Amino acid sequence: MSATAGQAQSERSLAERLGLKAGQVVQEIGYDEDVDEELRRSIEELTGNELLDEDYEDVVDIVLLWWREEDGDLFEGLTDAMIPLTGGGNIWLLTPKAGRDGHVEPSDIGEAAQTAGLSQTSSVSAAKEWSGTRLVAPKVRK
């Protein structure tokens with residue numbers, strides 16, 4: 001086996017970096033021509049499901065929210081994205097990396113997430129041009 005083949009096998013897919021698992025239902029909000037198609041394909045391959053569009057009206061495990069600075073009020077975007085989530089579901093907020101058009105400052109993400117009642121649990125380089133921030137709702141005590 002060549003070194004590059006071994007490296008390719010040991011590298012996690014883009015979807016695995018996001019912690020996604022087979023069978024999860026993922027809704028995509030904010031799709032536009034600038035999204036990362038490799039990430040989208042990776043998610044569909046790993047989960048075994050097509051990405052659902054923003055018109056889907058049932059519950060989902062994950063919301064993939066593509067967001068750019070010019071998309072408006074991030075707080076509103078996050079609160080809308082929370083509606084279809086199942087208990088234990090989370091939002092992956094995807095924003096253009098620093099220096100790219102539409103970049104959203106981490107402080108703006110933190111403020112909007114906190115105001116929406118979400119906790120930021122991790123950040124990753126989700127794709128070549130996109131950063132990913134995992135946001136979760138607090139667990140409800142019974």
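I began with the cut-offs for accessibility: a residue is buried under 20% relative accessible area, exposed over 50%, and partly exposed in between. The model I am reading is a predicted one.

**Entry 1, a charged patch.** With those limits in hand I looked up E69, which has 43% relative accessibility and therefore counts as partly exposed. I found E69 in the loop between β2 (60-66) and α4 (74-82). I then noted that E69 belongs to a negative surface patch, whose other members are E70, D101, E105, D108 and E111.

I counted 5 helices and 5 strands in the chain, and reading along the sequence I wrote their order down as α-α-β-α-β-α-β-α-β-β. Of the 142 residues in the chain, I noted that 39% are buried.

How many aromatic pairs does the structure hold? I found 1 aromatic pair, formed by W66 and W130 in an edge-to-face arrangement, with 4.7 Å from centre to centre and 80° between the planes. The pair links distant parts of the chain, since W66 lies in strand β2 and W130 in strand β5 (residues 130-136), 64 residues apart. I checked the accessibility of both partners and recorded W66 as buried and W130 as buried.

My count came to 5 salt bridges, and I followed several of them in turn. R68 forms a salt bridge with D34, and the closest N and O atoms of this pair are 2.8 Å apart. This pair, too, links distant parts of the chain, with R68 in the loop between β2 and α4 and D34 in the loop between β1 (26-29) and α3 (37-47), 34 residues apart. Is R68 buried or exposed? I recorded R68 as buried because its relative accessible area is 5%, whereas D34, at 36% relative accessibility, counts as partly exposed.

I next turned to E37 and R40, whose side chains meet in a salt bridge at 3.0 Å, N to O. Both residues lie in helix α3, 3 residues apart, which I noted as about one turn of the helix. E37 is partly exposed at 31% relative accessibility, while R40 is buried, with a relative accessible area of 16%. I also noted that E28, E37 and R40 are linked in a network of salt bridges.

Another salt bridge that I looked up joins the side chains of E129 and R100, at 2.5 Å, N to O. Here the partners come from distant parts of the chain, 29 residues apart, with E129 in the loop between β4 (119-125) and β5 and R100 in the loop between β3 and α5. I recorded E129 as partly exposed, at 34% relative accessibility, and R100 as partly exposed, with a relative accessible area of 32%.

I located G89 in strand β3 (residues 85-96), where its relative accessibility of 9% is under the 20% limit, so G89 counts as buried. The C-alpha atoms of G89 and Q24 are separated by 9.8 Å, although the two residues are 65 residues apart along the chain.

P106 has its place in helix α5 (residues 106-115).

Definitions and conventions: Residues are numbered from 1 along each chain as its sequence is written. This is a predicted model: local features need pLDDT of at least 70, side-chain atom pairs count only at pLDDT 80 or more; totals for chains, interfaces and linings use all residues. Side-chain values use heavy atoms; hydrogens and water are left out. Patches are made of residues with over 30% relative accessible area and no salt bridge: like charges are joined within 9 Å, nonpolar side chains (Val, Leu, Ile, Met, Phe, Trp, Tyr) within 5 Å. Accessible areas come from the Shrake-Rupley method with a 1.4 Å probe; for residues, only the protein chains shown count as cover. A salt bridge is a side-chain nitrogen of Lys or Arg within 4 Å of a carboxyl oxygen of Asp or Glu. Lys and Arg count as positive and Asp and Glu as negative; His and the chain ends are not counted. The place of a charge is taken as NZ of Lys, CZ of Arg, CG of Asp or CD of Glu. Helices (H or I, at least four residues) and strands (E, at least two) are DSSP runs, numbered from the N terminus. Buried means under 20% relative accessible area, exposed over 50%, partly exposed in between (1.4 Å probe, protein chains only). Rings of Phe, Tyr and Trp (its six-membered ring) pair if their centres lie within 6.5 Å; planes under 30 degrees apart count as stacked, over 60 as edge-to-face and the rest as tilted.
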